Amino acid sequence: MFSRSVKAASQRLTQINRHIQTRSMSYQGTTFTLNTGAKIPGIGFGTWQDKEAQEDAVYEAIKAGYRHIDTARVYGTEPGVAAGVKKAGVPREDLFIVTKLWNNAHHPDDVEKQLDASLKDLNTDYVDLYLMHWPSAFARSDELFPKDGDKTKTGDTDYVDTWHAMEKLQQKGKAKAIGVSNFSKSELERLISKANIKPAAHQMEMHPYLVQKSFADFHKQNDIHITHYSPFGNQNAIYSSGQDIGKLIDDPVLVEVGKKYGKNGAQVALAWGLAKGHTVIPKSKTPSRIKANLEGDFKLDAEDVTKIDGVDKKLRFNDPSGSFGWNFYSDLEGKTS
Ligand code: NDP
């Protein structure tokens, strides 16, 4: 009896603490609901690149208030994410952790093994969302990039077969939800027509220079949640296309809109994604930017969303078709090669 009332009091205290925290936050704490019924935080934390910096970055992010972390087998940042999470000391159930199946493990017999390796590195027994990173298979290999001479050796596993293996992982509870990344419309339509479990989410390049309205509408009609990767577009140092047009976050329209709210261009790019009902996953290893990006979680007026839609350049920064041996995004905007 006594222990039950202590437990109830402690739960109430946790609720009050969360309430106080939310009220004093300089961001909204936006969440969306996946087709599984689970909530996904609107702003997540990207961890691609700067592998050595990720333990501290993830710790800073969680301390600042992020509760959604995005990683992938191929980034090599799963151990850094685990270390940052541990240091931050937030309960696992308060976090939304996403990782991705890499192209070397598309064969149905390899899928669970690779998720198990990710779970081990992430020091958890489930992920909230498991994504197929690309529709394209590489040859089965322990190497992330199996080689055929100086080219990547491709495989012949159909992504539909890979998907069926991922469905089993959701049924087993190792992945609370499953989804895809970098699919074209026709690839996604084909997957939906063959799937037993519809993808919960699609992670793709999307930002004010690559708006893709009709593709976004297609996802809404199919109840598939969109996550914007590279929400700042050409900020990423390894992207070469479009560097000459200047940085997206310095775009005059974004900067001008930001003045109305006391926000910068980066924060406006994030708020624009949230206004569409999409999740955004900015990456930064810089503590001040980590905090500032979370404050991109604010409400833009509809007229400003429309203004930002107008800066669209149909400009895609990430298209590895040449090196992965697969013609990506064939029916999408921003396809140049
Ligand atoms: P982003 O658009 O998030 O840009 C990251 C770059 O912007 C970094 O160089 C960072 O610098 C800089 N930056 C961050 N915040 C600010 C700011 N407020 N002002 C100025 N500069 C800033 O690019 P990413 O490509 O990293 O995308 C985000 C995440 O999306 C990835 O980390 C990854 O998790 C995911 N992703 C998924 C892909 C997929 O195929 N599914 C592909 C690409 C990304 P610094 O770190 O030095 O602060």
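**Exercise 1. Strand partners**

Solution. The structure shown is a predicted model.

Step 1. The strands concerned, E11 (residues 225-229) and E12, pair in the parallel sense over 2 bridges.

Step 2. Turn to the neighbour E10 (residues 201-205), which pairs with E11 in the parallel sense over 5 bridges. In this pairing, glutamate 205 has tyrosine 229 of E11 as its bridge partner.

Step 3. Consider how far E11 is covered: 5 of its 5 residues are buried. His225, Thr227 and Tyr229 point one way, Ile226 and His228 point the other way, and all are buried.

**Exercise 2. Two helix pairs**

Task: Determine how H4 is oriented relative to H5, and how H9 is oriented relative to H11.

Solution. 

Step 1. Two packed helices are described by the angle between their axes and by the distance between those axes.

Step 2. For H4 (residues 108-122) and H5 (residues 159-172), the angle is about 40° and the axes are 8 Å apart. H4 and H5 are therefore oblique to each other. Their crossing is right-handed.

Step 3. H4 contributes Pro108, Val111, Glu112 and Leu115 to the contact, while H5 contributes Asp161, Thr162, Ala165, Met166, Leu169 and Lys172. Sorted by class, the contact of H4 with H5 has 6 nonpolar, 1 polar and 3 charged residues.

Step 4. For H9 (residues 265-275) and H11 (residues 302-309), the angle is about 110° and the axes are 10 Å apart. Angles of 65 to 115 degrees count as roughly perpendicular, and H9 and H11 are therefore roughly perpendicular to each other.

Step 5. Val268, Trp272 and Ala275 of H9 meet Val305, Ile308 and Asp309 of H11. This contact has 5 nonpolar, no polar and 1 charged residues.

**Exercise 3. Buried or exposed?**

Task: Decide whether asparagine 293 and aspartate 251 are buried or exposed, and list their contacts.

Solution. 

Step 1. Asparagine 293 is located in helix H10 (residues 287-294). Its relative accessibility is 6%, and buried means under 20%, so asparagine 293 counts as buried.

Step 2. With neighbours within four places in sequence left aside, asparagine 293 is in contact with Ile43, Tyr66, Phe232, Ala266, Leu270, Pro282 and Ser284.

Step 3. Aspartate 251 lies in the loop between E11 and helix H8 (252-261). With a relative accessible area of 7%, aspartate 251 is buried.

Step 4. Not counting residues up to four places away in sequence, aspartate 251 touches Tyr209 and Val311. Between the C-alpha atoms of aspartate 251 and lysine 51, which are 200 residues apart along the chain, the separation is 29 Å.

**Exercise 4. The surroundings of a helix**

Task: Name the buried residues of H2 and the elements against which they pack.

Solution. 

Step 1. In H2 (residues 54-64), the buried residues are Gln54, Ala57, Val58, Glu60, Ala61 and Ile62.

Step 2. These buried residues pack against E3, strand E4 (68-70), helix H3 (78-88) and H10.

Step 3. After H2 comes glycine 65, which has a positive phi, near 130°.

Notes: Residues are numbered from 1 along each chain as its sequence is written. This is a predicted model: local features need pLDDT of at least 70, side-chain atom pairs count only at pLDDT 80 or more; totals for chains, interfaces and linings use all residues. Side-chain values use heavy atoms; hydrogens and water are left out. Axes are lines fitted to C-alpha atoms, for helices over the stretch in contact, and angles run from 0 to 180 degrees between N-to-C directions. Helices (H or I, at least four residues) and strands (E, at least two) are DSSP runs, numbered from the N terminus. Angles under 35 degrees count as roughly parallel, over 145 as roughly antiparallel, 65 to 115 as roughly perpendicular and the rest as oblique. A crossing is left-handed if the near helix is turned anticlockwise from the far one by less than a right angle, and right-handed if clockwise. Contact means heavy atoms within 4.5 Å. Ala, Val, Leu, Ile, Met, Phe, Trp, Tyr, Cys and Pro count as nonpolar, Asp, Glu, Lys and Arg as charged, and the others, Gly among them, as polar. Two strands pair if DSSP finds at least two bridges between them. Buried means under 20% relative accessible area, exposed over 50%, partly exposed in between (1.4 Å probe, protein chains only).
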